Amino acid sequence: ARGVFVGVVRGAANVTEVVNHNLAGLTADEVFIGERNAHQRMLTDAMSRGTANRTIGDSLYLAGASVARGVKSGAMGIVEQPTIYASKHGPIGLLKGVGKALVGAIVKPVVGVGDAAVLVMNHVSEATSDKVVLLKIPKRLRRALPRKSSDIPHGVQLVAYDERAAKAQKIVTGGESLDDVYIGHVNTSTHLIISSELCLWVIEKESREPWCLNWDEVSHFRMLEGGMMQITIFSQTGLRSHIFHVDSPIEVAQLYQLLAMQRDKMGNCSSNRGSFGSLDRSMSNGGVEQLFQVHIQGVKTQQNNHVFGSFNKSRRNVSDSANDEIEVIEQCFVRVKKLGSEQSTFFKLLDEEAWTLIYSWGQVFSGLSSRRCMAVGIINGTGSDLQIKSTKLLEGGSPCYTIHTKEFKEDQNLLRPGGAIILFGWGVVPNLLQDGRVFMNIETNAFVADLSVWKSQSSKTKLQSTYALPMPGYQVGFLEKSYDDSGWWAKYWLLVRKT
């Protein structure tokens, strides 16, 4: 009789678990699903290790926590989901967010109750069974970890199981719930730096706060004297450098190798896209953000200190006469056409105009008429004429407008040395059929580029949605690659040079 009872309870627990898994998928909330999967693995680990001492009170406590988590997630979704979807997709997104929130408010608490029931039933079956319960401790299996190198690009090195590597891998994969591959890690005195196939992870040991970047969000890296590594990233307010002190020469070499493996995925390191390494080495202090200290061919005057993107997020004065898109562009055109590289504030003024254009656009088109927009600036540092062959929107709701400085020949589409242009375009109003994205294609005699209003979604693809590919004899790099958190605008600055 005992065996029959145990079999029925275990069968009911298994069926409930399957139903719960399907209900969790019904919410279409990846954050909730990922948190639930990680929590389930943690419970399996913790409860298996303490089976002998676990009481019904412990199981009821964990069951209550599962119910509370489901109710809390459902309640928070009512507030968060409409806001998130409205910020990304406008009025149509608001409706989607409300629908998703209502489904979650009903389903998530049910999933929590189901998880609680599974916990209690598993405890009852284990307590009444006369068989020894085997530990169900999740382990990281021995495996081949990808160890790429420039000598053997497709080689794989077999490494023995390592507890620290297992913990690093758990962070990268979210407890095997995320589709990513752990590559390696370096443990410094202040940070844990982890490299994966898709991302760079940096965890500060004191605060335990992690930050994770797609490789496409990393501009470049370089070694400094005294066992330090400088990693420069793209941020919403321009290029920012982080310096990490590495304790030993061996760890310096390991960190350099981990970063070098992903060089082709970085914004300004890829040999295919035109490395900015030589430009970076020629600077006496800092990285590409210290551009004013470097002589750029064609620029007539040394530029004042400026970081492209530093104006972003600042409020600008919007003219009352700018009532539509044409007036916004025309006013910017009149101001930019007066600018020239003989001015020491040339770069600063160009960046200010690009941000003013985006800010004005957001003020004129807001609410139900909101549209995504993108501004792309190009500086000619080649020392010769730059032929602008074509600029067009592959996706969008407008032509691609050209706003140029005085060093531009309109009749031949030639950008003279030291000159600059700003390309601007926008999308349609988001609706049920279109999300209103903007995707721009640029072709010149020095480079071709595809640029999106959104960040690249995956570093696994060979061809990124955002890239600049130089022609032989030229070099192109991103001085800025900034995005709105909600995807309403993107801003780029490209510098073109000769190798």
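Which residues of helix 7 are buried? V328, I329, C332 and V336 are, where buried means under 20% relative accessible area, exposed over 50% and partly exposed in between (1.4 Å probe, protein chains only). This is a predicted model, so local features need pLDDT of at least 70 and side-chain atom pairs count only at pLDDT 80 or more, while totals for chains, interfaces and linings use all residues. Residues are numbered from 1 along each chain as its sequence is written, and side-chain values use heavy atoms, with hydrogens and water left out.

**View 1. Helix 7 and its buried face.** Helices (H or I, at least four residues) and strands (E, at least two) are DSSP runs, numbered from the N terminus. Looking down the axis of helix 7, the buried residues fall within an arc of 90 degrees, so they line one face; the arc is taken from the directions from the helix axis to the C-beta atoms. Their cover includes helix 8 (346–364), strand 12 (401–404) and strand 15 (420–426), counting contact as heavy atoms within 4.5 Å.

**View 2. Two aromatic pairs, F346 with F347 and Y483 with Y492.** Rings of Phe, Tyr and Trp (its six-membered ring) pair if their centres lie within 6.5 Å; planes under 30 degrees apart are stacked, over 60 edge-to-face, and the rest tilted. The count comes to 14 aromatic pairs. F346 and F347 make a tilted one, 5.9 Å centre to centre with 35 degrees between the planes. Y483 and Y492 go edge-to-face, at 5.8 Å and 90 degrees. Y483 is buried at 9% relative accessibility, and Y492 is buried at 0%.

**View 3. A ring cluster and two charges over rings.** Ring pairs tie W361, F365, Y401, F424 and W426 into a cluster. For the charges, NZ of Lys or CZ of Arg has to be within 6 Å of the ring centre and within 35 degrees of the ring normal. R372 puts its charged end over the ring of W488, 4.6 Å from the centre. K481 lies over the face of F478, 4.5 Å from the ring centre.

**View 4. Strand 17 (residues 447–452), paired with strand 16 and strand 18.** Six of the six residues in strand 17 are buried. F447, A449 and L451 point one way, and V448, D450 and S452 the other. Strands pair if DSSP finds at least two bridges between them. Strand 16 (residues 439–444) runs antiparallel to strand 17, joined by five bridges, and the two form a hairpin with two residues between them. Here I442 stands opposite A449. Strand 18 (residues 467–470) also pairs antiparallel with strand 17, over four bridges, with L469 as the bridge partner of V448.
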